[in-house]
Amino acid sequence: MKYQNLFKPIKIRDLELKNRVVFPAMATNLIADGGYVTDKLIDYHVARAEGGNGLNITEAASVHAPSAPRNFLNISDDKFVPGLKKFTDAIHAAGGKACIQLWQGGIVVAGGRPECNDHSTQRYASGGACYSRRVQRGYKGCGQGFR
Ligand SMILES: Cc1cc2nc3c(=O)[nH]c(=O)nc-3n(C[C@H](O)[C@H](O)[C@H](O)COP(=O)(O)O)c2cc1C
């Protein structure tokens, strides 16, 4: 067999995966308004865990509310924890493991919106750094327009 190790378990520090089949982060559009986990999102990932994935990477989750698009999973506040816990528990119950992709949009989410463009800063050089510099100057975050 070509990929002899694919279906063998692997231990990564304290995490043991039953195989090396990894489902990559993929935005599903199954998120509730405001960034909450839905039962449909859980069912989608449980089906893949039951199918045999060793690890499910859940889609991009915003760590920063002002740059969080409306339909992105959100992990920027404790209010999201109960839904995320239910999500993780369901993947575990289906025999899988869960990994979350952390995402910070910063100023990049303002792309193409003239009111968000300020050519005196390095616009796309680094979302986080650029956003911090603008906040220091009183900028409130154009990402709010995406909510
Ligand atoms: C519908 C869709 C949504 C995706 N969403 C994300 C995402 O949220 N985060 C991410 O890092 N990659 C995302 N990707 C990229 C995938 O994780 C993956 O890297 C890509 O599909 C290439 O996979 P492959 O190398 O196995 O062909 C998405 C891909 C698709 C098709």
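This is a predicted model: local features need pLDDT of at least 70, side-chain atom pairs count only at pLDDT 80 or more; totals for chains, interfaces and linings use all residues.
Biologist: Where is the place of Asn29, and what is its phi near?

Modeller: Asn29 belongs to the loop between β3 (22-23) and α1, and its phi is near 65°, a positive value in a residue other than glycine. Most residues other than glycine have a negative phi. Arg13 also has a positive phi, near 50°; it sits in the loop between β1 and β2 and, with 5 C-beta neighbours inside 10 Å, counts as exposed.

Biologist: Let's step back, then: how many helices and strands are in the chain?

Modeller: The chain has three helices and six strands, and along the sequence they follow the pattern β-β-β-α-β-β-α-β-α. Helices (H or I, at least four residues) and strands (E, at least two) are DSSP runs, numbered from the N terminus. Of the 147 residues in the chain, 25% are buried.

Biologist: Which residues of α1 are buried?

Modeller: In α1, the buried residues are Leu41, His45 and Ala49. Seen down the axis of α1, these buried residues fall within an arc of 70°, so they line one face of the helix; the arc is that of the directions from the helix axis to the C-beta atoms. The face turned away from that buried side carries the exposed residues Asp43 and Ala47.

Biologist: And what covers the buried residues of α1?

Modeller: The cover includes β4 (55-62) and α2 (81-93). After α1 comes Gly52, whose phi is positive, near 120°.

Biologist: What about α2, which of its residues are buried?

Modeller: Gly83, Phe87, Thr88 and Ile91 are the buried residues of α2. Seen down the axis of α2, they fall within an arc of 135°, so they line one face of the helix. Exposed residues on the face turned away from the buried side include Val81, Lys85 and Asp89. Among what covers the buried residues of α2 are α1, β4 and β6 (98-103).

Biologist: How far apart are the end C-alpha atoms of α2?

Modeller: They are 18 Å apart, which agrees with the 18 Å that its 13 residues should span at 1.5 Å a residue; the expected span is 1.5 Å times one less than the number of residues.

Biologist: Which residues touch the most other members of the largest nonpolar core?

Modeller: Those are Ala60, Ala61, Phe72 and Leu73, out of 13 residues in that core. The elements giving two or more residues to this core are α1, β4 and α2. Such a core is a set of buried Ala, Val, Leu, Ile, Met, Phe, Trp, Tyr and Cys residues joined through C-beta atoms within 7 Å. Leaving out residues up to four places away in sequence, Phe72 touches Ile31, Gly35, Ala60, Ala61, Ser62 and Trp103, where two residues are in contact if their C-beta atoms, placed from the backbone, lie within 7 Å.

Biologist: Changing topic, which residues are around the ligand?

Modeller: Pro24, Ala25, Met26, Ala27, Glu59, Ala60 and Gln101 are the residues around the ligand, each with its C-beta atom, placed from the backbone, within 6 Å of it. By class, this shell has five nonpolar, one polar and one charged residues. Ala, Val, Leu, Ile, Met, Phe, Trp, Tyr, Cys and Pro count as nonpolar, Asp, Glu, Lys and Arg as charged, and the others, Gly among them, as polar.

Biologist: Last one: where is the place of Leu17, and what does Leu17 touch?

Modeller: Leu17 is in strand β2 (residues 15-17) and, with 18 C-beta neighbours inside 10 Å, counts as partly exposed. Not counting residues up to four places away in sequence, Leu17 touches Pro9, Ile10, Gly54, Leu55 and Lys97. Leu17 and Leu55 are 38 residues apart in sequence and 6.8 Å apart in space, C-alpha to C-alpha.

Conventions:
Residues are numbered from 1 along each chain as its sequence is written. A residue is buried if 20 or more other C-beta atoms lie within 10 Å of its own, exposed if 12 or fewer, and partly exposed in between; C-beta atoms are placed from the backbone.
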